[in-house]
Amino acid sequence: MDVQPPLAYDPETVRQEYCCGVLLPTDEYTTSITNFPGGNCFPYWDTKGDFFLSCSIFSDGKRHAVVHSKHCNEKGYLEVHIDHATQFSEKPLSGLVLIELTLPKKVPVDLYTAHVHKKTGIYVSYPSGHFVGDTLYTATRARELFNTGFWPGLVSSDTAETSVILMNPYKIPFSYQLSLFLPDGRKLQTDVMKVLPFRFQIHAIEETFPEVKNLSVEDRECCSICISSQYNLVGYVMIKDRGTGAFTSIDHLHPYVLI
């Protein structure tokens, strides 16, 4: 499915930014992509122009559909309902939403992915993670070094559990490794793992690091999670309610340089 193809733009005044959102299982969640240009545009930046979203939907490493938003100016808003495309699939989909946002050069990106859990109505929204274009630029990676994500604290109790998700928006596989820093100064690490192109990997922390179960709830809150990856990292931490099975919080990992 590919509807409303994008228009041609003047490269002197506009740019394309690439972001990546999670496509949670479509039989359990709805997914949408939203941007409000006015929040970062006129009158604060005194910038006017056109805004446009194009979303490619990937499941099992394959592109299933491309959905486009309507065009708007700085006074409007952009919204893409991924379900408008996934509803035609014969089976539930889960994977990535690769997003191309067209916007004026001077306007910062402010793009969000949102989900609604169909059974409970629980709503969760988070910034869509950036990555370096649709190919890998070695010089940019070497300069920016956004290959490590960090999350302080671990929510792990009888009612909630923490997972991390690592996404690969690139055309080649890459390696990554998880680390857990304990309150006593110890560091636990997984083996080096691999994520295939246009796929994601979810790791429940308690299953990945069974030692967590021996810690008190208070000590778990003093743990820190780290993902280091071969390339620019797009990752999130996800909190799930054990009772409903629904994700109640999703947020991006904090980037820092791992020497």
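## The β3–β4 hairpin

D60 takes a positive phi near 55° in the hairpin of β3 and β4, which has two residues between the strands. Strands here are DSSP runs (E, at least two residues), just as helices are DSSP runs (H or I, at least four), numbered from the N terminus. β3 covers residues 52-59 and β4 covers residues 62-68. The two pair in the antiparallel sense over six bridges. Two strands count as paired if DSSP finds at least two bridges between them. Within this pairing, I57 stands opposite A65 in β4.

## Basis of the model

This is a predicted model, where local features need pLDDT of at least 70, side-chain atom pairs count only at pLDDT 80 or more, and totals for chains, interfaces and linings use all residues. Residues are numbered from 1 along each chain as its sequence is written, and side-chain values use heavy atoms, with hydrogens and water left out.

## Sheet β5-β2-β7-β8

Four strands form an open sheet in the order β5-β2-β7-β8. The pairing is antiparallel. β5 (78-81) and β8 (123-127) are the edge strands, and each pairs on one side only. Neighbouring strands of this sheet are turned by 20° against each other on average, direction ignored. The axes behind such angles are lines fitted to C-alpha atoms (for helices over the stretch in contact), and angles run from 0 to 180 degrees between N-to-C directions.

Inside the sheet, β2 (residues 29-35) and β7 (residues 111-117) pair in the antiparallel sense over seven bridges. T31 stands opposite H115 in β7. Strands of a sheet pair through backbone hydrogen bonds, either parallel or antiparallel.

## Sheet β15-β11-β17-β18

Another open sheet of four strands has the order β15-β11-β17-β18, with antiparallel pairing. Its edge strands are β15 (200-204) and β18 (247-252), each pairing on one side only. Neighbouring strands of this sheet are turned by 20° against each other on average, direction ignored.

Five bridges join β11 (residues 160-167) to β15, and these strands run antiparallel. The bridge partner of S163 is A204 in β15.

## Aromatic pairs

The whole structure holds five aromatic pairs. One of them joins Y170 and F174. Rings of Phe, Tyr and Trp (its six-membered ring) pair if their centres lie within 6.5 Å; planes under 30 degrees apart count as stacked, over 60 as edge-to-face and the rest as tilted.

Y170 and F174 are both buried. Buried means under 20% relative accessible area, exposed over 50%, and partly exposed in between (1.4 Å probe, protein chains only).
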